[in-house]
Structure formats: structure tokens, C-alpha cells
Amino acid sequence: MKATVDWTGNASFKATSGSGHSVQMDGPPDHGGENLGPRPMEMLLMGVGGCSAFDVMSILKKSRQDVTACHTELEAERADAVPAVFTKIHLHFVVTGHNLKEKQVERAVSLSAEKYCSASIMLGKAGVEITHSHEIRAAE
């Protein structure tokens, strides 16, 4: 896997993935940025959410659950000192669908957390406390 990051002025950077997709990152105004994109640490947090949500949906599809939506809310805490690393991350999955089975949703979240989500497992091994929760909503 490869990526590039190019400075585009002030505190702004364009990151390009090996697959050719780009994201503009920027710092806050008090650090010379113009708030033109997410901060690098926000990108990391969003990556964890995307990785885990991908796993959860893949597992639920394989278990033939009729999912109509999957919304993942992430909350992170960071250290007060430099480096301001993540100390805690909580992922909360809101899974909406028809006749969803509690055990299947719980299993999908657990499998992602314990076996499949490379991003969250890597951060967990680095000392970040990672927790998960979920809720099921009936589709209208």
C-alpha cells in the first residue's frame, strides 16, 4: 500500500492513495489553516470507522440480514500532552433494517472488533482503549 501527501499551502495538504483517490486535509485557522478539509487525526478516526463499518456490513450481508442503513458514530479522546495521541475510541453502530436479529448484529460488531478491522486492532495494540456498542432500529 502506498500514498502521497503534497503540501498545497499554509497548513493544507492533499493526500492521494495508491488507488488514485485524493483527500484535502487542512489545519485549523489558529494553526495557519483555512479549515478546507478534515484534520489528519480526524482522517485517522474516520478511517477506523470506515474499516469497521465495512466489516460489519460485509458480515451482515453474508448472514442474509436485510439491512437498509448502517450509521457509525465515533467518539475519541486524546492525550493532553504532545503527542496528542488517541487514548480512547468508542464506535457505536446504529443498524437499521427489516427483522434484524440481535445476535447477528452483535456477532458482526464483535467479529469486526476482534478479528477483521485492521485499523482498530492496530490502534488497540498501540494502547488505545477501543470500545464498541450497537443498536438496532426497524426500517419503516
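The expected span of a helix is 1.5 Å times one less than its number of residues. Helices (H or I, at least four residues) and strands (E, at least two) are DSSP runs, numbered from the N terminus. The model is predicted, so that local features require pLDDT of at least 70 and side-chain atom pairs pLDDT 80 or more, while totals for chains, interfaces and linings use all residues. Residues are numbered from 1 along each chain as its sequence is written, and side-chain values use heavy atoms, without hydrogens or water.

**The whole chain**

Three helices and six strands make up the secondary structure, in the order β-β-β-α-β-β-α-α-β along the sequence. Of the 140 residues, 29% count as buried (buried means under 20% relative accessible area, exposed over 50%, partly exposed in between, with a 1.4 Å probe and protein chains only).

**Helix 1**

Select residues 40–62, which form helix 1. At 1.5 Å a residue, the 23 residues of helix 1 should span 33 Å, and the end C-alpha atoms are 33 Å apart, which agrees. Now colour the buried residues of helix 1: Leu45, Val48, Gly49, Ser52, Ala53, Asp55, Val56, Ile59 and Leu60. An α-helix has 3.6 residues a turn, so residues three or four places apart point the same way. The buried residues of helix 1 pack against strand 4 (66–78), strand 5 (86–98), helix 2 (102–116) and helix 3.

Centre the view on Ser120 in helix 3. Ser120 counts as buried, at 3% relative accessibility. Leaving aside neighbours within four places in sequence, Ser120 is in contact with Val48 and Ile130.

**The nonpolar core**

Next, select Leu60, Ile89 and Val95, the residues with the most contacts inside the largest nonpolar core, which has 20 residues. Such a core is a set of buried Ala, Val, Leu, Ile, Met, Phe, Trp, Tyr and Cys residues joined through side-chain atoms within 4.5 Å. Helix 1, strand 5, helix 2 and helix 3 are the elements that give two or more residues to this core. Around Ile89, beyond four places in sequence, the residues touched include Leu45, Leu74, Leu123, Val128 and Ile130.

**Helix 2**

Move to helix 2, where Val105, Ala108, Val109 and Ser112 are buried. Among the elements that cover these residues are helix 1, strand 5, helix 3 and strand 6 (129–138).

**Loops**

Asn10 lies between strand 1 (3–9) and strand 2 (12–17); phi of Asn10 is positive, near 50 degrees, and at 53% relative accessibility Asn10 counts as exposed. Arg64, in the loop between helix 1 and strand 4, has a positive phi of about 60 degrees although it is not a glycine. Arg64 is exposed, with a relative accessible area of 74%. Lastly, select Pro83 in the loop between strand 4 and strand 5: the peptide bond from Val82 to Pro83 is cis, with omega near 0 degrees.

Note on methods. Axes fitted to C-alpha atoms, helices over the stretch in contact; angles between N-to-C directions. Contact = heavy atoms within 4.5 Å.
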